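Open the model in your viewer and keep the selection tool at hand.

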Amino acid sequence: MGQYHFERDVAFSENIENEIIAAINAHYPHLIATKTAREGYPDIELCRQTAPQQPVAFVEIKVQTRTFMTIERYLPQSQLHPSETLALNLSDLERYFTIKNTEQLPLYIVWCLMNRPCVLSGKPRQFYYQEITKLQQIYQKAGKTRRFRRETGIGDVVNGVHKGVTVNYHFSLNELQEGLAFLT
């Protein structure tokens with residue numbers, strides 16, 4: 001049985017969110033980045049500095065510290081390799097498609113990749129991003145070949161409630177942009 005630390009992962013992700021909010025606010029003076037108050041929406045909401053302060057984009061942050069080493073065995077049709085693979089909770093992905101359709105605003109997924117020496121070349125972490133429209137095109141083309149359901153593991157259940165992600169959809173680093181330049 002795998003061991004997953006849901007609460008630790010959430011706390012770590014929130015630190016990365018705060019770091020990205022600070023970076024956006026420091027480098028894009030025409031924008032205000034804040035944590036999203038709306039339930040089910042991406043982590044960060046971007047608004048114009050000037051009134052009306054309506055959202056102009058959303059940003060979801062995902063931290064990846066584990067590698068799906070057996071992806072070639074479990075999802076051979078995906079044609080993905082362990083070092084290049086990133087995951088996103090399938091229900092979140094589908095919810096972001098709906099939000100994008102409803103809001104008609106850019107919605108970016110940003111992955112903070114860690115603990116992958118073969119990709120990071122000595123760097124402690126690296127960011128990759130993509131706008132949800134492009135991810136939806138990949139999802140529609142690849143279909144179920146990139147979907148994987150894992151067993152519930154230790155740490156998925158917190159105070160009697162199952163909180164861990166068990167159904168993921170996978171993307172390749174080659175389908176994403178490197179860095180945090182998604183606002184340029």
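A residue counts as partly exposed when its relative accessible area falls between the buried range, under 20%, and the exposed range, over 50%. Keep in mind that this is a predicted model.

**Stop 1: Arg 38 and Glu 103.** Select Arg 38. Its relative accessible area is 32%, so Arg 38 is partly exposed. Arg 38 sits in the loop between S1 and strand S2 (44-48), Glu 103 in helix H3, and 65 residues separate them.

**Stop 2: Lys 35 and Glu 17.** Select both side chains. They meet in a salt bridge at 3.1 Å, N to O. Lys 35 belongs to strand S1 (residues 31-35) and Glu 17 to helix H1 (residues 6-27), so the bridge ties together parts 18 residues apart in sequence. Buried or exposed, which is Glu 17? Glu 17 is buried, at 8% relative accessibility. Lys 35 is partly exposed at 39%.

**Stop 3: a network.** Select Glu 60, Lys 62, Asp 92 and Arg 95. Salt bridges link these four in a network. The whole structure holds nine salt bridges.

**Stop 4: H3 against H5.** Show helix H3 (residues 90-103) and helix H5 (residues 132-142). They pack at about 120 degrees, axes 10 Å apart. The two helices are therefore oblique to each other. H3 passes H5 in a left-handed crossing. Contact residues include Leu 93, Phe 97 and Lys 100 of H3, and Leu 135 and Tyr 139 of H5. By class, the contact has seven nonpolar, two polar and two charged residues.

Definitions and conventions
Residues are numbered from 1 along each chain as its sequence is written. This is a predicted model: local features need pLDDT of at least 70, side-chain atom pairs count only at pLDDT 80 or more; totals for chains, interfaces and linings use all residues. Side-chain values use heavy atoms; hydrogens and water are left out. Axes are lines fitted to C-alpha atoms, for helices over the stretch in contact, and angles run from 0 to 180 degrees between N-to-C directions. Helices (H or I, at least four residues) and strands (E, at least two) are DSSP runs, numbered from the N terminus. Angles under 35 degrees count as roughly parallel, over 145 as roughly antiparallel, 65 to 115 as roughly perpendicular and the rest as oblique. A crossing is left-handed if the near helix is turned anticlockwise from the far one by less than a right angle, and right-handed if clockwise. Contact means heavy atoms within 4.5 Å. Ala, Val, Leu, Ile, Met, Phe, Trp, Tyr, Cys and Pro count as nonpolar, Asp, Glu, Lys and Arg as charged, and the others, Gly among them, as polar. A salt bridge is a side-chain nitrogen of Lys or Arg within 4 Å of a carboxyl oxygen of Asp or Glu. Buried means under 20% relative accessible area, exposed over 50%, partly exposed in between (1.4 Å probe, protein chains only).
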